[in-house]
Amino acid sequence: MHEYKTNRAFRTLVNVGIIDQIGSGLYSIVFLIYAATLPFKTLAVSIASIAWVIPALANIFTGYLADRTFNKRHAMWFSYFVQTILFLIIASLIGRSTKEGIFFFIMALDIIARLLGDYGNSLSTPLMKHIVAPEHMNEATSIGTAIGSLVQIVASALGATLIVALHHQYDLFALLDALTFLAAGGIFFIARHQYDQAESDVHKSVLSAKASRLAENSESKEGFGTSFKLAMQEFTQNPFLLFMIVAGLAVNLLGTAIDPLSNLIFLHMSSFWFINYGYTIALLDIVFSVGSIAGAVFVNDMLKNTSMVTLLAASMGLLVLVAVDMLTLHNLWILLVLFFATAYLLGKINPRFNAVIINTVPDDHLAATGGVISTVMMIGAPVGQFVFLTLANVISIPVSLTIYGISSLVVTILILVRGAGRLTKNDPTTARYNEAHV
């Protein structure tokens, strides 16, 4: 927390993000509840549940736009105010009609607001690069991850409770979300001059990179294709980044599949239950969230010099044990320990990787590169969920779990084999490497 306490500009970014996430977390759970009350609730809940995929897959484009935006700090507070307007419109519509057209219009406005949110996050990345020292970047990204996860947990629980206490007045929550966007935009607008020097440094870095490419290629026109090409070059020219994105895709494909798969398993296996089905799901979600927060917060623990190869392989190995427990032991307490340990490791992997991206990728395509990574990672999520849920429903749950466990074991072995040697010894995310290169 040292960086948060001593770095005013970084603290402002975190605080603005907290306010944003409070409103978004409250609204997200309430919108699902609202969808479940509609006459076409099955369709509505399904669409509301997967709507987040659209903005996630569009990160490659929002990242590109962020790189091309000249006044990033001004664009950030302006995007908050546009989101405020969108949610004021939603507040005037939600709960007043059960027509499908109104629902889809509200859903469209929500997706646009999410796209603007991702655009704002991409705008902040180059600024963060110039307000946080490289040796403190891992700590900074870890703090952001931990606080964001904690806020989401609290906001979701609070939203589910308040909607009942307020007699399902959905418009109040949309209005609250609008107010949080307004507050976040207002705070950033007031503090915008904290980022004047960072913005100037970004401009100089971008102009220098463009001049260097112009001297090499004698091409002055740069569009989306050029931005995408530069982002891909970061992976092809950097073995560590290429390994991480490929391994991350595999880990995300299997890691995100365990959540809906376990929900289905618990539905048919009461031996796993803690009191009842609902409490069991909630308990696992809480344990996983606490584990990921703990992993991000304790930056300087005994794993600070453990390579990303080892962390990735260990997290996948734990998922193998999860499958074994679900297939044979049916022990909830072992499962809770495994979920916590997996989340703890993932809570370290994501901030470390983000810190490397921010520190190593040039400013002129930093956001676009982050967008490519996010898009590629998100492709694996729906694929993994679809494959293993289909196997569970069409064939059987034990078959799906067996294939899941074998797949996790294969990925574990491949990560260890492909990542052994130079990638492990020269891992730029370890504390030892950072201390040697300060």
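Me: What makes a helix crossing left-handed or right-handed?

Reply: A crossing is left-handed if the near helix is turned anticlockwise from the far one by less than a right angle, and right-handed if clockwise. This is a predicted model. In it, helix H13 passes H18 in a left-handed crossing.

Me: How close do the axes of H13 and H18 come, and at what angle do they cross?

Reply: Helix H13 covers residues 258-268. Its axis and that of H18 come within 11 Å and cross at roughly 150 degrees.

Me: Which residues make that contact?

Reply: From H13, take Ile258, Leu261, Leu264, Ile265 and His268. From H18, take Ile397, Ser400, Leu401 and Tyr404. By class, seven are nonpolar, two are polar and none is charged.

Me: Now H12 and H18. At what angle do their axes cross?

Reply: H12 spans residues 239-255 and H18 spans residues 397-419. Their axes come within 11 Å and cross at roughly 165 degrees. Angles over 145 degrees count as roughly antiparallel, so H12 is roughly antiparallel to H18. The crossing of H12 past H18 is left-handed.

Me: Which residues meet there?

Reply: H12 brings Phe243, Ala247, Ala250, Val251, Leu254 and Gly255. H18 brings Tyr404, Ser407, Ser408, Val411, Ile415, Arg418 and Gly419. The classes are eight nonpolar, four polar and one charged.

Me: How do H5 and H7 pack?

Reply: H5 is residues 59-68 and H7 is residues 100-129. They pack at an angle of about 50 degrees, with axes 8 Å apart. That angle makes H5 oblique to H7. H5 passes H7 in a right-handed crossing.

Me: Which residues touch, and how do they divide by class?

Reply: H5 supplies Asn59, Thr62, Gly63, Leu65 and Ala66. H7 supplies Leu115, Asp118, Tyr119, Ser122 and Leu123. They divide into five nonpolar, four polar and one charged.

Me: What follows H15?

Reply: His330 does, with a positive phi near 55 degrees.

Terms used. Residues numbered from 1 in each chain as written. Predicted model: local features only at pLDDT ≥ 70, side-chain atom pairs only at ≥ 80, totals over all residues. Heavy atoms only, no water. Helix = DSSP H or I, 4+ residues; strand = E, 2+ residues; numbered from the N terminus. Axes fitted to C-alpha atoms, helices over the stretch in contact; angles between N-to-C directions. Parallel < 35°, antiparallel > 145°, perpendicular 65-115°, else oblique. Contact = heavy atoms within 4.5 Å. Nonpolar A, V, L, I, M, F, W, Y, C, P; charged D, E, K, R; others polar.
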